[in-house]
Amino acid sequence: MALMRLVAFVLFAAAAWAQQPYDLVISGGRIIDGTGNAWFYGDLAIRGERIARIAPAGLLKIVPAKQRLDAKGMVLAPGFIDIQSHSRGAFLEGDGRVISKVTQGITTEIMGEGATNAPANNLTKSLETTGREVMQDFSGPHGFRRWLEAMQAHGTSANFGSFVGATTMRMYGKGMAQGEVNATELKSMTDAMKEAMEDGAFGLASALIYPPGEYSSTRELTALSKAMAPYGGVYITHMRSEADRLLEAIDEAIEIGTKGGVPVEIYHLKASGPVNWPKMAKALDKINLARAQGIDIAADMYSYTAGGTGLTACLPPNASADGKLFDNLADPAMRAKIKQEVLHQTTDWENMCTLATPEGVLITQAIKPENAQFAGKRLSEIASMQKKHWLDAAMDLILSERRRVETIYFMMSEDNIKAQLRQPWIKFGTDAGGLDPDTVRGLAHPRSYGNYPRVLGKYVRDEKVIPLEDAIRKMSSAVATRLSIPDRGLLKEGMYADLLVFDPNAVGDRATYEKPHQLSVGIRDVLVNGQFVVRDAKHTGAKPGKMVLGPGAAR
């Protein structure tokens, strides 16, 4: 009898719950569910944080609902998942609204390229800050989870998660020193890697053109990959070369994944410099052949022909060894050696200024008042203004600013972007942090504001490079599947209500390299966990974001 009463109570409670009014019903739009399936007309209902029902168009017209949203003429899609975010500062101590991101339709941001705030110890504290985030102390046990929890406590408009930065792991074991890690150092690194995976990391994220991440060997990265493999981790990499040794860099990534027993993801796939543009066809063939042979390798990209990083990327990695970059630039003898290596390269490193040429190097920010005149100018212009060699102008600016100096490099091919977009395994990431256009200083890469609307407007609607349904899949469920996120990335009953309503005829980017702080257009409404963060194209101020954990997390 007790069991029968329990069953009756459960059925009664379920029926009562089903009769409760929905919090929101969205009707009249074309639903693109994120699977890649063709669009269909339908109604979608939300209750609390979840999608409660998806029904044929008109079926939810008379059901009780606290709020209704007309999506006639619009597309209803799952929220976009940015696989390469740099919003650490905004999420931890800054403007958690990440306006430039959510107005693109981004509802989840995944961080971690190179550096993360944890794991942390005394050695990681010497990691040079990029000027984009302020580092808090998350040393000690379970620092990675405490970092995630701190961001959630701070309040964010988007959901967030992170890989472990391989540069941070390198620092954790060996600081800024060059050379192979020894057995003791490697043990401390792999132990910290395992704990971070249990804390919710998605895997290991390397950035192999920047010191000290550049100092990491294939052996070291393979050992870290083996440590995370039992937790379902992914090795994601800004490869050792995206230019002269692009194909060899892909081989290294495949080797790390194969020996480490983990899937491989390539950050912002590209072929940099006109001389290397023909290599993209070979790179795509290499990846497709590897996949045909059963190797789990894929990639993501952004939709611009210019990349963004620091001006320090024009200098050889050994210039920063032992944390002495600024001392070396101030020393005439060391400076002469650095200059000789840049102009007459003898070692294997990614020479960004040579690839872009000084005319293709745009300085976006200068913090010191005396350098403000250089923001928004090309390196060739700055050298002409100062009557210096372009490399002396670059080194003087870095030394004066005592930071990496944010820079845009024009290096990629439009034809290659289109070829990459067509690959079934491609995904999208901004490689940028979230910004507030009303308060941000200096310039920024336009991808901070327009990466996703640019794809939907320029490459889907106008140039018809890929279908809309395929673009949405690559922006949402493809990332969720790759990272084993079970309850986001699709419009499906029971999933978190991360979604957007946009006008397919108007969606597009407005941000340019010269005037980047312009919000995209056509994204009308964005919901995160069932709450509006964008309504009628305006940020609501809401911060309903949650931390999203990797598959190995001890939940």
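Is Cys353 buried or exposed, and what is its relative accessible area? I looked this up first: Cys353 is buried, at a relative accessible area of 1%. Buried stands for under 20% relative accessible area, exposed for over 50%, and partly exposed for in between (1.4 Å probe, protein chains only).

**Ground rules**

I am working with a predicted model, in which local features need pLDDT of at least 70, side-chain atom pairs count only at pLDDT 80 or more, and totals for chains, interfaces and linings use all residues. I number residues from 1 along each chain as its sequence is written, and side-chain values use heavy atoms, with hydrogens and water left out.

**The disulfide**

I stayed with Cys353 and found that a disulfide joins it to Cys314, with S to S at 1.9 Å. The rule I used is a pair of cysteine sulfur atoms within 2.5 Å, and it gives a count of one disulfide. Cys314 lies in the loop between S14 and helix H10 (325-330), and Cys353 in helix H12 (residues 352-356), so the pair ties together parts 39 residues apart in sequence. My helices (H or I, at least four residues) and strands (E, at least two) are DSSP runs, numbered from the N terminus. The S-S torsion of Cys314 and Cys353 is about 70 degrees, so I note this disulfide as right-handed. Cys314 is buried too, with a relative accessible area of 0%.

**Two open sheets**

Next I looked at strand order, taking two strands as paired if DSSP finds at least two bridges between them. S14 and S16 (residues 406-410) pair over five bridges, and Gly307 stands opposite Tyr409 in S16.

The other open sheet has six strands in the order S9-S10-S11-S12-S13-S17, with parallel pairing. S9 and S17 (426-428) stand at the edges with a single partner strand each, so one side of each is left without a neighbour in the sheet. S11 and S12 (residues 264-266) are joined in the parallel sense by three bridges, and Ile236 has Glu265 in S12 as its bridge partner.

**A covered helix**

How many residues of H5 are buried? Helix H5 (residues 166-174) is mostly covered, with eight of its nine residues buried. Among them are Thr167, Met169 and Arg170. The cover includes strand S9 (164-165), helix H6 (183-199), strand S10 (203-207) and helix H7 (218-228).

**Cores**

I then turned to nonpolar cores, meaning sets of buried Ala, Val, Leu, Ile, Met, Phe, Trp, Tyr and Cys residues joined through side-chain atoms within 4.5 Å. The largest has 88 residues, and those touching the most other members include Trp147, Ile250 and Phe502. Helix H8 (residues 246-260) gives the most to this core, with seven residues. Ile250 touches Met239, Ile266, Ala283, Lys286, Ile287 and Ile297, not counting residues up to four places away in sequence; contact here is heavy atoms within 4.5 Å. A second, separate core of 42 residues includes Ala306, Leu311, Met352 and Tyr513.

**Ser241**

I checked Ser241 in the loop between strand S11 (234-238) and H8. Ser241 is buried at 4% relative accessible area. A polar atom of its side chain lies 3.1 Å from the backbone nitrogen of Ala243. Leaving aside neighbours within four places in sequence, Ser241 is in contact with Leu246, Ala249 and Glu350.

Which peptide bonds did I note as cis? One runs from Ala118 to Pro119, with omega near 0 degrees, and another from Pro211 to Pro212, also with omega near 0 degrees. Pro212 sits in the loop between S10 and H7.

Lys387 is not a glycine, yet has a positive phi of about 55 degrees; at 76% relative accessibility it counts as exposed. Lys464 also has a positive phi of about 55 degrees without being a glycine, and it is exposed at 63%.

Terms used: A polar contact is a pair of N or O atoms within 3.5 Å; within protein, one must be able to donate a hydrogen and the other to accept it, and residues adjacent in sequence count only if both atoms are side-chain atoms.
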